[in-house]
Amino acid sequence: MMSRTVPLGRTAESGVTLVELMVALVIGMLLALAVMLLQKNLALQKTRGSDVALRDNETRAAMDLITHDLGGAGFLLGGNDLRCDELFTYNSSPNAGYYAHMPVDAFTATAGAVTPFAPTLTLNYPAAGIGIPSQVLVISGAIDATGFGNAPTGPAPSVPLFQNATYDPVGAGVLPVTNINGLTTGHVGVLQVPNLALGIALSGAAYPNRPVPSACVRLPISAVNAANRTVTSSPGKLMPGSFIAGFSANLMLANAFTTGLSDQMIYNGAWLVDLGATTPTNPSPTQRTTVYYIDNTNPWPTLMKAQYSLLDDAQVALPQQVAVAAQPIAAGVVSLRVLFGVDPGSTGAVTGYETAAAVKANLHQHVVLTVQVQLITRSLYPDPDVQQGAVNTVVPAAGSFPAMAIPAAYQKYRFTSQVTEVGLRDLTWTP
């Protein structure tokens with residue numbers, strides 16, 4: 001057997017050197033760093049994907065709500081009886097004034113604007129220079145079947161007026177009625193005035209079945225006199241100092257009448273309906289204005305929904321709310337746009353799309369069949385992987401809306417566009 005000789009000064013033990021240890025530590029740290037970076041990227045990708053998916057889900061839910069509310073648009077519908085083509089309201093609150101309600105309306109959103117039908121709502125979006133256009137969607141409707149005509153329906157019967165030269169409805173606010181049944185002092189009423197001249201003009205071949213168009217004016221029922229069967233509407237928050245005559249200029253601006261209101265127009269078939277008490281006595285009126293708008297109080301823009309009483313413009317709570325407040329619907333919505341599908345030639349189908357302003361300018365000549373709504377949403381957080389050019393645009397799903405350019409400040413965000421089109425009830429505008 002051979003024996004192993006160990007040189008003097010050395011031992012049989014062996015190990016790694018300091019250099020080898022340092023190299024191993026560096027390699028281990030690099031591997032750990034690579035794993036951490038990979039996990040971070042995977043987490044960021046998951047977060048970005050979840051962000052986009054959540055925005056899409058919220059936007060679809062918002063579209064469902066908007067579709068539901070649009071399906072109920074229309075105020076004081078009366079079948080083949082006379083009804084409100086437009087409802088004109090007045091509010092003396094600061095920065096308020098007159099407003100012409102269509103069943104569905106839309107107007108350009110401007111930061112700092114106060115709307116006449118919602119004095120407690122001050123818009124804060126879009127800020128000047130943001131470069132993104134947006135609108136406010138306004139839906140006027142009632143959940144009951146209140147109507148005008150010989151066979152009124154719903155809980156509030158309508159009362160016709162009659163001619164009596166002793167009184168002056170337009171200049172003094174005193175309306176002679178055939179009876180006072182259903183009319184209560186302190187309530188809010190709506191006076192419906194048929195536009196007989198326009199009705200005759202529209203009864204030709206183009207609009208053979210068009211009911212007589214009419215304009216409606218909201219007014220307070222300040223006093224009911226049973227002895228002489230009159231209703232008095234006094235100036236105040238809901239009535240201008242010049243009485244019903246104060247609405248004349250606005251009726252003409254909205255093309256509801258070619259001339260201002262007169263006593264004779266009212267005597268020619270006007271009706272008065274009592275809608276009930278104002279808030280807070282009536283905290284849940286059935287006649288409401290539903291408003292969708294974008295709020296920028298949070299770190300990101302958010303689509304909001306609020307409701308206001310058509311009786312006195314006071315904000316009312318939504319069914320799911322405990323307190324009176326606007327409800328956040330979808331975060332990240334940067335643009336809300338609305339167009340109206342019209343059928344000017346009475347073909348029975350949508351032949352073009354118009355803005356709300358164009359519809360108002362031709363309200364009695366055009367037939368509105370649908371409302372098209374677009375919501376443009378961006379991710380809440382920027383994505384460094386997004387490579388967009390300076391002229392990148394969001395192209396809508398439908399061809400009615402023009403493409404929207406993405407501002408330079410949002411070039412690293414992901415954008416989506418959703419469009420829905422809702423057919424309106426036949427009684428709303430169809431002749």
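Author: Helices (H or I, at least four residues) and strands (E, at least two) are DSSP runs, numbered from the N terminus. By that count, the protein has 7 helices and 23 strands. This is a predicted model: local features need pLDDT of at least 70, side-chain atom pairs count only at pLDDT 80 or more, and totals for chains, interfaces and linings use all residues. Residues are numbered from 1 along each chain as its sequence is written, and side-chain values use heavy atoms, with hydrogens and water left out.

Reader: How much of the protein is buried?

Author: Buried means under 20% relative accessible area, exposed over 50%, partly exposed in between (1.4 Å probe, protein chains only). Of the 431 residues here, 48% are buried. The protein exposes about 19,800 Å² (Shrake-Rupley method, 1.4 Å probe). Carbon and sulfur atoms supply 60% of that area.

Reader: What share of the contacts comes from residues 24 or more positions apart?

Author: Contact means heavy atoms within 4.5 Å. Take the contacts with a separation of 6 or more: residues 24 or more positions apart account for 70% of them.

Reader: Which strands pair with strand 10, and in what sense?

Author: Two strands pair if DSSP finds at least two bridges between them. Strand 10 covers residues 214-220. Strand 1 (residues 86-91) runs parallel to strand 10, joined by 3 bridges. There, glutamate 86 has alanine 215 as its bridge partner. Strand 9 (residues 188-194) pairs with strand 10 in the antiparallel sense, over 7 bridges. In that pairing, leucine 191 stands opposite valine 217.

Reader: Why is strand 10 called largely enclosed?

Author: Because 7 of its 7 residues are buried, strand 10 is largely enclosed by the rest of the structure. Both faces are covered. Ser214, Cys216, Arg218 and Pro220 are buried on one side, and Ala215, Val217 and Leu219 on the other.

Reader: What does the side chain of arginine 218 reach?

Author: A polar contact is a pair of N or O atoms within 3.5 Å; within protein, one must be able to donate a hydrogen and the other to accept it, and residues adjacent in sequence count only if both atoms are side-chain atoms. The arginine 218 side chain reaches the backbone oxygen of leucine 310 at 3.0 Å. These two residues are 92 residues apart in sequence, yet 8.8 Å apart in space, C-alpha to C-alpha. Arginine 218 also joins aspartate 313, side chain to side chain, in a polar contact of 3.0 Å. Arginine 218 is buried, because its relative accessible area is 1%.

Reader: Is threonine 290 buried or exposed?

Author: Threonine 290 counts as buried, because its relative accessibility is 6%. It lies in strand 14 (residues 287-295). Its side chain makes a polar contact of 3.0 Å with the side chain of glutamine 307. Leaving aside neighbours within four places in sequence, the contacts of threonine 290 include Asp69, Leu137 and Lys305.

Reader: What order do the strands take in the open sheet of 3 strands?

Author: The order is 8-12-11, with antiparallel pairing. Strand 8 (174-176) and strand 11 (223-225) are the edges, each pairing on one side only. Strand 8 is joined to strand 12 (residues 230-232) by 3 bridges. Leucine 175 stands opposite valine 231 there.

Reader: How many aromatic pairs are there?

Author: Rings of Phe, Tyr and Trp (its six-membered ring) pair if their centres lie within 6.5 Å; planes under 30 degrees apart count as stacked, over 60 as edge-to-face and the rest as tilted. The structure holds 7 such pairs. One of them, tyrosine 410 with tyrosine 413, is edge-to-face: 5.5 Å centre to centre, 75° between the planes. Tyrosine 410 is buried at 14% relative accessibility, and tyrosine 413 at 15%. Tyr90, Tyr98 and Phe247 form one aromatic cluster.
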